[in-house]
Amino acid sequence: MTLTEIVDQWALRSSAIRSTKATWLRMRTDGRIDALMRSSDPIAQQIGRALRRARDRDLRESQPWVERIEAERTRLAADRSLVKPPGSTEGGPYDDGVTVQQACGVSKTKRDALALHLLVREVQPNLGLELGTNVGISSSYIASAMHLNGRGRLVTMEGSPLRARIAEGVHRTLGLDVERVLGLFTETLVPFVARSEPLDFVFIDGHHQYQPTLDYFAAVERKLTDGALVLFDDIRWSEGMLRAWTELARDARFRVVVDLDRYGVCVYTRTPGRSREHVRLKI
Ligand SMILES: C[S@@+](CC[C@H](N)C(=O)[O-])C[C@H]1O[C@@H](n2cnc3c(N)ncnc32)[C@H](O)[C@@H]1O
């Protein structure tokens, strides 16, 4: 039994141990965020600052955006109609029998989406790409950060025309300018990357399997800038995703790797060297 498992067993029995454990975990997270903020890598510092703000719920000018996006989430989460109405000939790979409420339920949580938003606020990307629009929640968090930055454009890809239409309504309601690309990633990604400008922010949040995850990274790589942020979601969602993540996290093409448990944030480098930073923390 590991030390953590022993503490977990004790914690089940005593509230004092539970609160000591919570304090210890918080201090450990603080220490790891501090280490990122003190890093010699400027992008690691930016990641550290964004995570510190996310951890402290330090929203400032983002607050009104968060409220408006969360109002959209609440509206969709109450909608029990089917994404794919009976008789519809349209539909994506995962739409059969799924309600809007259920589709909305696979969006990034408020906490994780806020970290995404604050990362974009810090790194100020010029061109972002999201794989997996779903109903438009994470893209709204990213695009609203770009709006506050006064720079940056987001392109988001989705295989389901029905989900993309729901997302379009969300983006329109929020007044956010997001380009949506419709179709399976296997059909849309390579042609998009071929005509795209350099990418400095990529969020891979769809088709969570081992080979597709590696293939999608390989497809975007040729247009990644030195120092681009590449985020992989649901890295522990399946055995295949964990295997892909384990390989990516060790890959020398990422000079900084931050494992946030549910998703990973990586800094891409065009000149792989020996010096790498690898941090694991939960916010
Ligand atoms: C987890 S959801 C994305 C959630 C969204 N990023 C958010 O947090 O608001 C994954 C989305 O990817 C789409 N998807 C999955 N596999 C796909 C593929 N091979 N091609 C295109 N879209 C795909 C699904 O239809 C689904 O809407």
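Colleague: Which of the 19 residues around the ligand come nearest?

Modeller: Keep in mind that this is a predicted model. Around the ligand, the nearest residues are Ser107, Gly132, Ser138, Gly159 and Gly206.

Colleague: And how does the shell around the ligand divide into nonpolar, polar and charged residues?

Modeller: The shell has nine polar residues, six nonpolar ones and four charged ones.

Colleague: Let's move on to helices. How are two packed helices described?

Modeller: You give the angle between their axes and the distance between the axes. On the α2 side, the contact is made by Thr29, Ile33, Leu36 and Met37. On the α3 side, the residues include Ala44, Ile47, Leu51 and Arg55. By class, this contact of α2 with α3 has six nonpolar, three polar and three charged residues.

Colleague: Which residues touch the most other members of the largest nonpolar core?

Modeller: Ile47, Leu119 and Val202 do, in a core of 72 residues. Helix α6 (residues 110-123) gives this core its largest share, eight residues. As for Ile47, setting aside neighbours within four places in sequence, its contacts are Leu36, Leu119, Val256, Val258 and Val265.

Colleague: Now the sheet. How do strands of a sheet pair?

Modeller: They pair through backbone hydrogen bonds, and the sense is either parallel or antiparallel. Here, an open sheet of eight strands runs in the order β3-β2-β1-β4-β5-β7-β6-β8, and its pairing is mixed. At the edges stand β3 (178-182) and β8 (277-280), each with a single partner strand, so one side of each has no neighbour in the sheet. From one strand to the next, the twist averages 15 degrees.

Colleague: Can you walk me through some of the pairs?

Modeller: Strand β2 (residues 153-158) pairs with β1 in the parallel sense over five bridges, and Leu127 stands opposite Arg153 in β2. β2 and β3 also pair in the parallel sense, over five bridges, with Leu154 opposite Val178 in β3. Helix α8 (residues 161-174) packs on the sheet and touches β2 and β3, its direction making about 175 degrees with that of β3. Another helix that packs on the sheet is α10 (residues 210-221), which touches β1, β4 (199-204) and β5 (224-233).

Colleague: Why is strand β1 (residues 127-131) largely enclosed by the rest of the structure?

Modeller: Because four of its five residues are buried.

Colleague: Is Arg73 buried or exposed?

Modeller: Arg73 is buried, since 21 other C-beta atoms lie within 10 Å, and the cut-off for buried is 20 or more. You'll find Arg73 in helix α4 (residues 63-77). Not counting residues up to four places away in sequence, Arg73 touches Cys104, Ser107 and Ile137. Ser107 is also one of the residues that come nearest the ligand.

Colleague: One last feature: what should I expect of phi?

Modeller: Most residues other than glycine have a negative phi. Arg57 has a positive value, near 50 degrees, and Asn134 has a positive phi of about 50 degrees.

Colleague: Where are Arg57 and Asn134 found?

Modeller: Arg57 is in the loop between α3 and α4, while Asn134 is in the loop between β1 and α7 (137-149). Arg57 counts as exposed, with 10 C-beta neighbours inside 10 Å, whereas Asn134 is buried, with 27 other C-beta atoms within 10 Å.

Definitions and conventions:
Residues are numbered from 1 along each chain as its sequence is written. This is a predicted model: local features need pLDDT of at least 70, side-chain atom pairs count only at pLDDT 80 or more; totals for chains, interfaces and linings use all residues. A residue is near a molecule or strand if its C-beta atom, placed from the backbone, lies within 6 Å of it. Ala, Val, Leu, Ile, Met, Phe, Trp, Tyr, Cys and Pro count as nonpolar, Asp, Glu, Lys and Arg as charged, and the others, Gly among them, as polar. Two residues are in contact if their C-beta atoms, placed from the backbone, lie within 7 Å. Helices (H or I, at least four residues) and strands (E, at least two) are DSSP runs, numbered from the N terminus. A nonpolar core is a set of buried Ala, Val, Leu, Ile, Met, Phe, Trp, Tyr and Cys residues joined through C-beta atoms within 7 Å. A residue is buried if 20 or more other C-beta atoms lie within 10 Å of its own, exposed if 12 or fewer, and partly exposed in between; C-beta atoms are placed from the backbone. Two strands pair if DSSP finds at least two bridges between them. Axes are lines fitted to C-alpha atoms, for helices over the stretch in contact, and angles run from 0 to 180 degrees between N-to-C directions.
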